[in-house]
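Subject: Handover of a structure

Dear colleague,

Please find the sequence and the structure below.

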Amino acid sequence: MKVLLYYPNLYGMNMLPPSIGFFTHLLKKEGHDVKLFDTTVYEGLDGSINTDQQKADNLNARPFDDSILQDYVKDSSDAVSDFQALLDSFQPELIAMSCTEDMYPVGVNLLAQLNNRPAVLAGGVFPTFAAELAITMSNGVIDYVLKGEGDKTLPEICNRLEKKQSLDDLSGLVMKTKDGFIDNPLPAPISMDDQVLPDYSLFEESRFYRPMQGKMRRMFPVTTIRGCPYTCAYCNSPSQIQIHKIEGMKFLRNAKIDAVYNEIKYLMDNYQPDSFYFWADTFLAWSRREFDQFCDMYEEFKLPFWIQTRAETVTEYKFKRLKEIGLLRVAFGLEHGNEKFRERVLDRKIANRKIIERFKTVTDLGIPISVNNIMGFPTETRELAFDTIELNRQIRSDGVNAYTFTPFHGTPLRDMSEELGFFEKDKLARCINKPTLLNMPQWTQEEIEGLRRCFVLYVKMPKNRWPEIRNAEALTPEGDAIWETLKQECLENFMHYGDYEKEDDIGTVDFEREAR
Ligand code: B12
Ligand code: SF4
């Protein structure tokens, strides 16, 4: 049958979604005719901003030249007519949408404007954790949800629809009936031995490029692990482990190094990457044996690569070895600077001293790190947020950012936000780059946003500039003007960007206050 994969996404968010690559391969293998509608090329869709560009504007990433993307950019006002034209010419029998929570309204909004739409199926993290809501909120746009991994169930639903067979007993299916909902148990997570090679041939050429360290790279994602062994309370990964545990299944799985080799080799032969992105939640959640096998295997390629991992996983041995085989950059989640708050609210237990030491191990090897933080957690105060700033001042980061806490469905901190009355039940979480949605008595939305936009200034500029930065927090024309001036100065004089030799004023952490 004819299946249209649909990927609602915002301009500038260019990392390829592996799921669309797997689905393209799997559906073609079953003999289905597959096309893709990917909204990433439409600039300004749904009032969106270019998120990679926004990162550079907010000093979260180095400025970059995006002319490669500009050659393919389309105007958001053409998105509906282009989508409609594709429906009319291809005439799919099913639209299969993959979405996260904040992309769900973008996706549904476009679908609602189409004529002669076929049945619509939604899957991905958000539909998995809020399946009935995803159907109800779409006002008749979404017909089915498939919870959990779609590697087996998406081809299966297409096969059944083609043969006009019943869907009622399909694992993971959620569907509205006149009496309520069919809501079937989750499918078992696939064995990593059954994961296929991703087929990215349906994407536009410009989608293979993304900025990294101020340079446009032709960068492809590679799978090493599905799932994460940690339990951060704001994240969906541990919740995946929980919901699959209820069904007695194992969600955390490592790919065999042979399979990783095959994926890299296939990407090299078919897409000519100049670098890779290992998207595993915690890249180093590996045994020492697996790690060594990976490094020996990757010697053959030695293309620059990017990883994300936890401070807990850092050893000098590992990072020396990774550097030898091409490690370009590491992203770490630090998230909060107060040990007690971090452990109690975020469920991340590690001492600040350890974080500083481990990050130093990496930066001393000359490997640039970017550090991710979150601001506006439920019950957090301005004073606690300054602990995050203080801790970041101890770290020689090449890139640093603070995102707004976002209450995603299925996470413990979403439940906490609802219970404390900071967030309405059934309301959707939105993009992490946008102002907070929580309404908290101890810290207003405006104050959180003001501090968030000045976060990098507080981290990177000397402390004697803090009174000026305080004025830049004001979300007023005067505050904006001060913010713009300080941002420029910070960019010119205080960002390290890989310059690990430069001495500067990086302040000290007040450990005593943290212990209180
Ligand atoms: C790589 C990654 C990205 C990449 C690629 C995004 C993508 N859509 O794949 C980039 C960098 C672009 C990205 C961006 C964002 N991401 Co992201 N990202 C991830 C990460 C680390 C891995 C995703 C992945 O590839 N997993 C492996 C594949 C195999 O799994 P999967 O994508 O979940 O798909 C499987 C199932 O969900 C299902 N499925 C998926 N789609 C469909 C569709 C159908 C029809 C069916 C039947 C099944 C199905 O089958 C797939 C195969 O088994 C996850 C964390 C995680 N571990 O999941 C966060 C995660 C998905 N991201 C998240 C978020 C919030 C974002 C952003 C919104 C950030 C922002 N700017 O605000 C954007 C949204 C972009 C978008 N359009 O989706 C959240 C989502 C939370 C939520 N509840 O919605 C996650 C879960 C991290 C977290 N905070 O917990 N992300
Ligand atoms: S380490 Fe990262 S992916 Fe793993 S649970 Fe924590 S935030 Fe989620």
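The C-alpha centres of domain 1 and domain 2 lie 25 Å apart. In the domain assignment of the protein chain, domain 1 covers 2-183 and domain 2 covers 213-460; such bounds come from an automatic or database domain assignment. Please note that this is a predicted model, in which local features need pLDDT of at least 70, side-chain atom pairs count only at pLDDT 80 or more, and totals for chains, interfaces and linings use all residues. Residues are numbered from 1 along each chain as its sequence is written, while chains are lettered from A and ligands numbered from 1 in the order in which they are written.

The sheets

Helices (H or I, at least four residues) and strands (E, at least two) are DSSP runs, numbered from the N terminus. Strands of a sheet pair through backbone hydrogen bonds, either parallel or antiparallel. Two strands are taken to pair if DSSP finds at least two bridges between them.

One open sheet is formed by seven strands in the order 2-1-5-6-7-8-9, with mixed pairing. Strand 2 (33-38) and strand 9 (180-183) stand at its edges; each has a single partner strand, so one side of each is left without a neighbour in the sheet. From one strand to the next, the twist averages 25°; axes here are lines fitted to C-alpha atoms, for helices over the stretch in contact, and angles run from 0 to 180 degrees between N-to-C directions. Within this sheet, strand 7 (residues 144-146) and strand 8 (residues 173-177) run antiparallel and are joined by three bridges. There, Val145 stands opposite Val174 in strand 8.

Another open sheet also has seven strands and mixed pairing, in the order 10-11-14-15-16-17-18. Its edges are strand 10 (209-212) and strand 18 (399-404), each with a single partner strand, so one side of each is left without a neighbour in the sheet. The twist in this sheet averages 35° from one strand to the next.

Strand 17 (residues 369-375) pairs with strand 18 in the parallel sense over six bridges. Asn372 has Asn401 of strand 18 as its bridge partner, and Ile374 has Tyr403. Strand 16 (residues 327-335) also pairs with strand 17 in the parallel sense, over five bridges, and Phe332 stands opposite Val371 in strand 17. How many of the seven residues of strand 17 are buried? Six of them are, and the strand is mostly covered. A residue counts as buried if 20 or more other C-beta atoms lie within 10 Å of its own, as exposed if 12 or fewer do, and as partly exposed in between, with C-beta atoms placed from the backbone.

Two individual residues

Helix 4 (residues 79-90) lies across strand 1 (2-7) and strand 2, and runs at about 170° to strand 2. Leu87 belongs to helix 4 and is partly exposed, because 19 other C-beta atoms lie within 10 Å. Neighbours within four places in sequence aside, Leu87 is in contact (C-beta atoms, placed from the backbone, within 7 Å) with Pro92, Leu114, Asn116 and Arg117.

Asn338 is found in the loop between strand 16 and helix 13 (339-344). Asn338 is buried, because 25 other C-beta atoms lie within 10 Å. Although Asn338 and Thr388 are 50 residues apart along the chain, their C-alpha atoms are separated by 6.5 Å.

The ligands

A residue is near a molecule or strand if its C-beta atom, placed from the backbone, lies within 6 Å of it. Ligand 1 is surrounded by 38 residues, and the closest are Pro17, Ser98, Gly123, Glu149 and Gly150. Helix 8 gives the largest share of this shell, four residues. Domain 1 and domain 2 each supply at least three residues to the shell. By type, the shell around ligand 1 divides into 19 nonpolar, 13 polar and six charged residues. Here Ala, Val, Leu, Ile, Met, Phe, Trp, Tyr, Cys and Pro count as nonpolar, Asp, Glu, Lys and Arg as charged, and the others, Gly among them, as polar.

Around ligand 2 are Cys228, Tyr230, Cys232, Cys235, Ser237, Pro238, Asp281, Thr282, Arg310 and Gly333. Five residues of this shell are nonpolar, three polar and two charged.

Yours sincerely

Conventions: Two residues are in contact if their C-beta atoms, placed from the backbone, lie within 7 Å.
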